[in-house]
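Please prepare a short briefing on the structure shown below. Group the points by topic and keep the wording plain.

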Amino acid sequence: MSNQNTTIAFVRDNMLDQQPAPRGQVGMSKWIRDNLFSNWLNTALTLVSIVLIYSLLRGALPWIFGGVWDANSLQECREILSGRHAACWGVINERWQQIFYGTFFPSSEYWRTHIAFVLLIIAVLPVLFDALPRKLLWLTAAYPFLMVWLIWGGSLWGPLSIAMGFVVAYFATIGAGRYMGSGLSTLVGVAIALLWWFLIGPAIVGVLNDTVPLFALREIQSRELGGFVISMIIGVSGIALSLPIGIVLALGRQSDLPLVKAMCIGFIEFFRGVPLITLLFTASLLLNYFLPPDVVFDLTLRVIVMVTLFSSAYMAEVIRGGLAALPKGQYEAADALGLDYWQAQRLIIMPQALKISIPGIVNTFIGLFKDTTLVFFIGIFDMLAAAQAIRANSAWNGITWELYIFIGLIFWVCCFSMSRYSQWLERKLRTDHH
């Protein structure tokens, strides 16, 4: 029997220093073992992949990095290479302006596209990232009118008149809403805006341009636009316009009003069932036959309209899928809070549906941006048309890979950026963390 006066310590009174984990359980070696060589099948696939990647890089890297950048013709490139098989990047070094700005855009006005591009980035950032100052949204709202003025030129009174039409429509809607329902007041606002844009505004702008031209820039015709500039104009316009139109179409397709539902279904199914190139040919060749003889409808504007309508139909189906994925309890919760239809859509339903639809929405945006290359077939000189013009030149006749790799890289950078942003936004909006 032990002595009761003996003190026995059952609890450690000092801590041992933390020991490093075994080398095989942390770091790169563990990741390689777990992900590349975890079993015999993964080991075999890893080894085969390494051999294929090595074979591709062995032929591609010397061709890419061993190329010639300083040359004025394909013949000069071949003389410098002296029989070596490598790229002739001299065509990019000499003709990059033609790829970015098009063949006919005056070089003295390049600065306008630079300012428009910088302003585009600043205008988009507060929409994409809510941590930025909300005052920048004023620039976002003003950017479409500034872009039109910078790219097409002329006096600033024209874009200001178009912007004023939205302001007039807003106040007309608010004023009419005091005496009638929201639907009728909206129709009044639209009617007032159309009256301003087609009758009152042009008359006022004509007088102002003759008397006090405001910041008048050299006018650029749409046929002078081309290259990456026209792809950005069509792509950004289509992306910005197709999302709100797609939301309206998705809600209309689920409407209880038979006429509204039928119109939205007909619109969506028509544009989803017709190839985009067919719509572009329609915009280019046939639309003028249905307009009065003295009406001039700009080709670029026609293309933007068709691309936007085409993308809106796909966007509507993507958003409808997000709406269908919401549990019925969300709609019941909105009813229990006493919210009307538009309040429920704005505060509860649509934010969740859009969050669910983020991958599909961005996928539609990426497809729209890549589809801008189709304008090449209706006579708009985008980057592909610029590549064709460069290849038709006697100095660069016969060059192919370098031009299309460079153009493909431009599209890849833009589309990859959109993809990475959508993944970041999905992680940011996740609410199901455990």
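Ring pairs join W96, F100, Y101, F105, Y110, F228 and F406 into a cluster. The model is a predicted one, and a search of the whole structure finds 22 aromatic pairs. One of these pairs is described first, followed by the chain as a whole.

**An aromatic pair in a helix**
- F267 and F271 form an aromatic pair, with 4.6 Å from centre to centre.
- The planes of F267 and F271 are 45 degrees apart, and the pair is tilted.
- Both F267 and F271 belong to helix α10, which covers residues 258-273.
- F267 and F271 are four residues apart, about one turn of the helix.
- F267 has 21% relative accessibility, so it counts as partly exposed.
- F271 has 7% relative accessibility and therefore counts as buried, the cut-off being under 20%.

**Fold and overall shape**
- The protein chain contains 17 helices and zero strands.
- Its radius of gyration is 30 Å, well over the 22 Å that the globule rule gives for 434 residues, so the protein chain is more spread out than a compact globule.
- The C-alpha trace of the protein chain spans about 115 × 80 × 45 Å along its principal axes.

**Burial and contacts**
- In the protein chain, 34% of the 434 residues count as buried.
- Of the contacts between residues at least 6 apart in sequence, 68% join residues at least 24 apart.

**Surface and charge**
- The protein chain has an accessible surface of about 27,000 Å², and 67% of that surface belongs to carbon and sulfur atoms.
- The protein chain carries 28 positive and 25 negative charges, whose mean positions are 6 Å apart.

Terms used:
Residues numbered from 1 in each chain as written. Predicted model: local features only at pLDDT ≥ 70, side-chain atom pairs only at ≥ 80, totals over all residues. Heavy atoms only, no water. Helix = DSSP H or I, 4+ residues; strand = E, 2+ residues; numbered from the N terminus. Rg over C-alpha atoms; globule rule 2.2 N^0.38 Å. Buried < 20%, exposed > 50% of the residue type's maximum accessible area, 1.4 Å probe, protein only. Contact = heavy atoms within 4.5 Å. Areas by Shrake-Rupley, 256 points an atom, 1.4 Å probe, with all protein chains shown as cover. Lys, Arg positive; Asp, Glu negative; His and termini not counted. Charge placed at Lys NZ, Arg CZ, Asp CG, Glu CD. Phe/Tyr/Trp six-rings, centres within 6.5 Å; stacked < 30°, edge-to-face > 60°.
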